[in-house]
Amino acid sequence: MSEKTASSTHPTNPAPAPAGPGAVKAPAPAARASGAAAPAPPASGPAAPEASGAAPGVPASRRGSRMFPDGTGPSPDPAGSHFERRIRSFQPRRSRVTVGQADALRRLWPVWGLDIDGQRVLDLDGMFDGLPVVLEIGFGMGEATARMAAADPSTGILAVDVHTPGQGNLLGLAERNGLTNVRVANGDAIILLREMLPPASLAGVRVYFPDPWPKKRHHKRRLIQPEFLSLVAPRMKPGALLHCATDWEPYAEQMLEVLTAHPDFENTVPGGYAPRPGFRPLTRFEGQGLEKGHVVHDLLFARA
Ligand SMILES: C[S@@+](CC[C@H](N)C(=O)[O-])C[C@H]1O[C@@H](n2cnc3c(N)ncnc32)[C@H](O)[C@@H]1O
């Protein structure tokens, strides 16, 4: 099977175990990887108004199987998020996972992977050895994440996405580059924020090129909305930066409007967009936008 050949179409079909060269027995789960500090309280902070119907109420049998037949690897829907009655910012998609990505997922998921199951509050200090932790929502294929982690080993990056090939890709990049400050979370960032992150635990939040949902009837799916900001703000330390970037002009305008109006955030560039900070590399999605002639806007708001 070539690298390009699909080894699975996760999430709907569990993948066969990868048999390519380099596939080794999965290491024993590291204590730090689980990050479990305590069972999640029934309500850990304010719930997003759109987030009605708690994930923990979804029976385990409806949360989806794991990627590999032996019950390892990420689960397509670890918290049963798809059964919640709310509008999501992503669309579940059939994902082609290469042999290399599957190999990384099989070997490294038990060490650096985290399923967003909505069942426990995370001990970020334990997971990242006390490093300040930045949450990146929607890392895509993870190239920019890996570059940021390599450039700043004194910051931990909790990178979350639902995209299985990207999770495998980022794990592989982390291994090849000797990165120890990245953890890869699988599932819906809303549930991670709502159920699993303690108050004032994040040193920053990065949302780079969130799905623009250009059609008017899909605007409600956009991530950066007042309800999202009210969910994320209490999880951020005072002064922590919420950094957004988009190449979709109308979405940039919406971001600026809702962030400016929100009482928990202050624009570091009063009234306007920020120049791209040196720590943010160009991302894959950004590159595609630039090729189409799109203009990119960064927004840097501090938690008040
Ligand atoms: C347009 S892509 C951008 C990827 C990357 N940041 C880049 O610039 O190349 C947006 C990503 O956000 C992810 N995403 C959207 N909503 C999400 C959510 N609620 N939780 C986790 N990931 C989400 C999607 O799966 C997708 O991979």
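How many nonpolar, polar and charged residues does the shell around the ligand have? In this predicted model, the shell divides into 12 nonpolar, five polar and five charged residues.

The shell can also be read by residue and by element. Gly-138, Gly-140, Phe-209, Thr-283 and Phe-285 come nearest to the ligand, out of the 22 residues around it. Two or more shell residues come from each of β5 (156-161), α6 (189-196) and α9 (284-291). The element that gives the most is α9, with three residues.

A second set of positions comes from a database record. Under "binding site", an unreviewed UniProt entry lists Glu-136, Asp-161, Asp-188 and Asp-211. These positions span 76 residues in sequence, but no two of their C-alpha atoms are more than 14.0 Å apart, so they gather at one spot.

Glu-136 is part of strand β4, which covers residues 133-137. It counts as buried because it has 26 C-beta neighbours inside 10 Å, and a residue is buried at 20 or more. Leaving aside residues up to four places away in sequence, Glu-136 touches Thr-145, Ile-157, Ala-159, Val-160 and Arg-206.

Asp-211 instead sits in a loop, the one between β7 (202-208) and α7 (226-232). Is Asp-211 buried or partly exposed? Asp-211 has 17 C-beta neighbours inside 10 Å and therefore counts as partly exposed. With residues up to four places away in sequence again left out, Asp-211 touches Ser-89 and Phe-90.

Notes. Residues are numbered from 1 along each chain as its sequence is written. This is a predicted model: local features need pLDDT of at least 70, side-chain atom pairs count only at pLDDT 80 or more; totals for chains, interfaces and linings use all residues. A residue is near a molecule or strand if its C-beta atom, placed from the backbone, lies within 6 Å of it. Helices (H or I, at least four residues) and strands (E, at least two) are DSSP runs, numbered from the N terminus. Ala, Val, Leu, Ile, Met, Phe, Trp, Tyr, Cys and Pro count as nonpolar, Asp, Glu, Lys and Arg as charged, and the others, Gly among them, as polar. UniProt positions are given in the numbering used here, feature names are shortened, and annotations may be inferred rather than shown by experiment. A residue is buried if 20 or more other C-beta atoms lie within 10 Å of its own, exposed if 12 or fewer, and partly exposed in between; C-beta atoms are placed from the backbone. Two residues are in contact if their C-beta atoms, placed from the backbone, lie within 7 Å.
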